Amino acid sequence: MKAMAWWRSRSQAARFDLCVRATFYVNLVAVPLLVWLGIAAEVSMTAAWVLAVLITAHTVLCLLLVRAGLEHYLGRRPLPARLLAASVAATLAGTAAAVLAFPNATPGMPDGPANGILLVLVVSLMIGLSATVRPRAMLAAGAVACAATYSLSAAQGASSPAASAVGLAAAITLLTFAFRVSVWMLGVVWELDRSRQVQASLAVAEERLRFARDLHDVVGRTLSTVALKAELAAQLAKRGRDEAIDEMLEVRRIAQDSLVELRAVVGGYRTADLDVELAGARSLLASAGIECRVIGDGSGLPAEIQGTLGWVVREGTTNVLRHSEARTCTITLRVPSGDAIALTLENDGVAGGPAAIGDRVRFGSGLIGLAERIAGLGGEVVAERRRPDGFRLTARLPLPPTADEEGPA
């Protein structure tokens with residue numbers, strides 16, 4: 001259960017990152033193991049265990065190179081030059097030692113243990129290089145390895161030394177393509193994740209700037225006028241002029257008009273049209289790569305109900321963008337009974353954590369304010385986890401009685 005909770009707590013980008021790294025690590029462990037099993041039958045028991053220790057050390061070095069190389073590719077650390085040099089040096093030294101220890105082919109077989117050791121060292125190194133250097137450097141290293149394989153096979157008297165070199169070249173080409181594509185995809189996924197976060201932050205910043213601009217246009221102009229009028233009234237009062245009273249009354253009128261304008265500005269931001277918010281939510285989520293489906297609309301609902309549910313859509317959409325790695329989102333507007341209406345936002349890709357282990361979810365400041373607004377109209381807001389990684393936000397509001405239900409006056 002803890003493992004599943006930890007997995008759900010990871011973002012989509014982090015999950016993909018983990019899968020890519022696991023692919024590298026599994027291949028690095030599997031290739032030496034398979035080759036060693038073939039070599040062990042051709043050498044003595046002591047030599048087999050010595051080879052196992054040396055190949056394991058080389059594999060660990062390549063694992064560290066892969067880990068550091070991926071971090072370098074993602075821009076999180078500089079190029080691991082020392083690890084890179086150590087891995088190349090270990091590969092060259094291991095190859096030279098294998099050729100000196102097993103220069104000849106095994107009787108009855110086309111090659112010897114040195115060929116297998118060369119193969120495992122080269123393949124492990126190429127996997128490490130695929131996460132660290134550019135494909136050109138990988139292909140250059142592969143060309144050197146193919147030349148070494150050809151020379152070793154020819155020295156052992158193989159009938160077709162080019163066959164082993166061509167086979168190794170094909171394996172290196174496949175490794176270069178497969179692992180470099182994986183690394184490239186990993187970088188793209190993390191870049192999309194960063195872009196999504198920046199998009200949500202920019203949307204909030206844009207809303208704040210728009211609100212600040214409108215407040216400046218309304219309040220700034222009025223406060224400047226009030227300051228000038230107040231200064232004029234003070235000067236007239238010092239001179240004992242009766243016009244000072246008129247000026248102060250004018251200041252009061254301007255302040256009252258400014259208050260009306262300010263309320264209109266704030267009221268415009270606090271009023272949310274339901275259909276407009278539904279269309280905006282669909283467009284915003286689609287731009288973030290989230291498939292959004294809207295069921296129902298706000299036609300026929302009272303203006304107060306539409307405005308309140310519009311705020312539910314706005315807050316729910318913001319939470320989807322900020323707090324989830326959703327792929328789909330469904331917004332449903334339905335009337336479960338004749339005297340109530342329910343708006344539901346349901347999405348997947350919600351990260352689990354200590355605060356969201358149960359079905360109910362602890363409210364943040366945004367949902368608390370939303371719940372207070374809904375409660376003022378006699379409704380309720382419920383947020384709950386949906387297994388395995390879903391989240392549902394439901395707002396229920398009572399509908400006002402119609403004229404027919406109220407009866408004759």
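Cys19 counts as partly exposed because its relative accessibility is 42%, where buried means under 20% relative accessible area, exposed over 50% and partly exposed in between (1.4 Å probe, protein chains only). The model is predicted, so that local features need pLDDT of at least 70 and side-chain atom pairs count only at pLDDT 80 or more, while totals for chains, interfaces and linings use all residues. Residues are numbered from 1 along each chain as its sequence is written, and side-chain values use heavy atoms, with hydrogens and water left out.

The structure holds 0 disulfides, a disulfide being a pair of cysteine sulfur atoms within 2.5 Å. Cys292 is in none, and the nearest cysteine sulfur, belonging to Cys329, is 4.9 Å away.

The accessibility values given here are as follows.

| Residue | Relative accessible area | Class |
|---|---|---|
| Cys19 | 42% | partly exposed |
| Leu28 | 0% | buried |
| Cys292 | 15% | buried |

In the largest nonpolar core, which has 46 residues, Phe24 and Ile127 touch the most other members; such a core is a set of buried Ala, Val, Leu, Ile, Met, Phe, Trp, Tyr and Cys residues joined through side-chain atoms within 4.5 Å. Among the elements giving it two or more residues are helix H2 (12–40) and helix H5 (113–130), and H5 provides the largest share, 11 residues. Helices are DSSP runs (H or I, at least four residues), numbered from the N terminus.

Leu28 lies in helix H2. Leaving aside neighbours within four places in sequence, Leu28 is in contact with Thr59, Cys62, Leu63, Val66, Ser124 and Ile127, contact meaning heavy atoms within 4.5 Å. The C-alpha atoms of Leu28 and Val123, 95 residues apart along the chain, are separated by 8.4 Å.
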